[in-house]
Amino acid sequence: MRFKSAHLFLLLSVILHSSIATGLALALASTTANATSPASKTCTMLQAQMGSEVVQFSGAEYNASASNAWSLFNAQNKPTCIVFPQEASHVQTAMAAIFHNKIHYAVQAGGHTAMTGWNTVQDGILFFFSHMKNVSYNATSDTITLQPGIHWGEALTQLQPLGVAPLGGRLGDVGTGLLLGGGLSYLSGEHGFSADSYVALDVVLVTGQLVTATATNQYADLFRALKGGANRFGIVTRYEVQAVHTGDASEKQFFGGLILYPNSSAEALINATQRYVSKVNNPRASILMAFSNSVNGSEITSTHILTLFFRGPSLPPAIFGEFLEIPSIMKQLSALSYVDANNILGAGADRGFGQLFGASAFNGTVDQYRNAFQKWNEYTESIKDSLFGTVLAFTPIQQSQVQAGRARGSNIIDPPMGNYAAVQVQTQMQNGLLTISDQVQAARQLLFQSMPRTPGLPLYINECDASQNVFETYGRFEELKKTYAKYDPTRFNVQFTDGPIGL
Ligand SMILES: Cc1cc2nc3c(=O)[nH]c(=O)nc-3n(C[C@H](O)[C@H](O)[C@H](O)COP(=O)(O)OP(=O)(O)OC[C@H]3O[C@@H](n4cnc5c(N)ncnc54)[C@H](O)[C@@H]3O)c2cc1C
């Protein structure tokens, strides 16, 4: 099931970071590769070893991949070459050379990071996983094996006939990089962060060595670090995860959908969101509350959207009643399969806008939420000339989610016991705009300062700003640092690939 109205589709595209595709990015990118640079020499050597399908300097596939990133800011870079691995050994070979020759590099899976520089590289080597997209289910071990290039929508659709699903995200075009940052899905309350479902990971370390990490083997520390440590610990070439039995297309195990609200309902929604976050601890319940400001010329239109699901035959009033009673513009609620639920907001696949995220985390009184709402509105107003729109989104993290993660050996984020909300600010720049002005940067920093996290709560790295030190907010930060020092003792990754700060 997917919402069809043109108006709403426009709104959803603001909320869900989508856009009309421009496809112009690469044409603008620099084309001045220096044939004698260390990166160029390394690419030439790798192409001689692995062939011109695996290592590409130009051409249609190179162009499409170099400009694939969801954020237009990332679609501008032109790697010296792109490595299209077909198997883990290709990653090993390339990584060993990158390490030896000290080459800047980046990895792209689904392409959806909003952090500039985290999934593309100028004058360096890009790993692009479009030739490693297999997904399979093993009924004996009840596990799913994912190659890094698959997107969640593809994985869910292929596995639906078998009645199983991996824990991923909530939009189909997003990819497996989500796992390395944690991962929030409509099943999180029951099963934890998506990364909590890991069973085994194949990881190519900075040196090119391939290891398999599990919860109990000699790489157990690496295994846990990859549940939130993002791209700092190596390149994952295979994820084996626990299957969740979500049913096939005919089994509508979920009830819910989306509700669209006018801005006049904003205050009631803020109150309801705070109450939901602080009170609801039912593993089968899930919401995503997104407040949206859409800019058209100098006019800002505010419309708010709630997605809500319960794994059961109806929405229990004790959990969702307050949201259901708030005056709305439109309600679309029904029994749904898990794939239906994941399609409700569209795929989020379109491109063409520079994107910026920022994170906070709340478990306070309603004043904390009201303040954020007010500051976010002021922020939008102050930089509206540069914007297509902004979103302030709340994902409740229930205590049951934290418990589920601990029951599976704990992730490195390790939030304290209790409920809280992961808070995300999305800034979508005007279509085609390639620069971020000082005014926008200053406004963003002011916003982050004025809606600080509740002390003790972790930020969500997949929704942060690149300047936010997310790692130091983790419950197991000391362990993370120790593990990083063990697996990357020369600190290669923090110097040669962009990613989270703080290690
Ligand atoms: C439209 C949209 C919807 C979203 N919805 C959700 C949601 O429902 N739940 C949620 O939790 N998050 C969501 N996110 C955030 C999402 O988790 C992050 O953007 C995530 O980084 C996307 O992963 P990716 O593979 O698509 O992106 P990529 O940009 O390809 O990868 C993200 C990061 O991981 C690194 N990486 C990727 N693969 C590997 C690998 N195999 N080995 C080492 N490093 C790797 C990349 O270098 C990059 O730094 C959403 C984002 C967008 C834009």
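**Domains, salt bridges and sheets**

Biologist: How much area is buried between domain 1 and domain 2, and what makes area "buried"?

Modeller: About 1,200 Å² is buried between domain 1 and domain 2, with carbon and sulfur atoms giving 69% of it. It's called buried because it is accessible area (1.4 Å probe) that two parts lose on being put together, summed over both. Gln 92, Ala 109 and His 112 supply 35% of what domain 1 buries against domain 2, more than any other three residues. One caution: this is a predicted model, where local features need pLDDT of at least 70, side-chain atom pairs count only at pLDDT 80 or more, and totals for chains, interfaces and linings use all residues. Residues are numbered from 1 along each chain as its sequence is written, and side-chain values use heavy atoms, with hydrogens and water left out.

Biologist: Where do domain 1 and domain 2 run?

Modeller: Domain 1 is 21-128, domain 2 is 135-248 + 478-489, and domain 3 is 254-474; those bounds come from an automatic or database domain assignment. The centres of domain 1 and domain 2, taken over C-alpha atoms, are 23 Å apart. Their contact (heavy atoms within 4.5 Å) takes 13 residues from domain 1 and 17 residues from domain 2.

Biologist: How many salt bridges cross the interface of domain 1 and domain 2?

Modeller: The rule finds 0 there, though the count comes to 16 salt bridges.

Biologist: Why is the pair Glu 479 and Arg 224 called a salt bridge?

Modeller: The rule wants a side-chain nitrogen of Lys or Arg within 4 Å of a carboxyl oxygen of Asp or Glu. Glu 479 and Arg 224 come to 2.9 Å, N to O, so the pair passes.

Biologist: What makes E3 and E4 paired strands?

Modeller: Pairing needs at least two bridges found by DSSP. E3 and strand E4 (residues 125-128) have 4 bridges in the parallel sense, so they qualify. Ala 106 stands opposite Leu 126 in E4. Helix H5 (residues 88-101) packs on the sheet and touches strand E2 (81-83), E3 and E4, its direction making about 160° with that of E4. That angle lies between N-to-C directions on a scale from 0 to 180 degrees, using lines fitted to C-alpha atoms, for helices over the stretch in contact. Helices (H or I, at least four residues) and strands (E, at least two) are DSSP runs, numbered from the N terminus.

Biologist: In the sheet of 7 strands, what is the order, and why are E13 and E14 edge strands?

Modeller: The order is E13-E10-E12-E11-E15-E16-E14, an open sheet with antiparallel pairing. Strand E13 (330-336) and strand E14 (355-362) each have a single partner strand, so one side of each is left without a neighbour in the sheet. Neighbouring strands are turned by 15° against each other on average, direction ignored. Inside the order, strand E10 (residues 254-262) and strand E12 (residues 299-310) pair in the antiparallel sense over 8 bridges, and Leu 308 in E12 is the bridge partner of Gly 257.

Biologist: Which helix lies across E10 and E12?

Modeller: Helix H10 (residues 266-279) does, running at about 150° to strand E11 (285-296).
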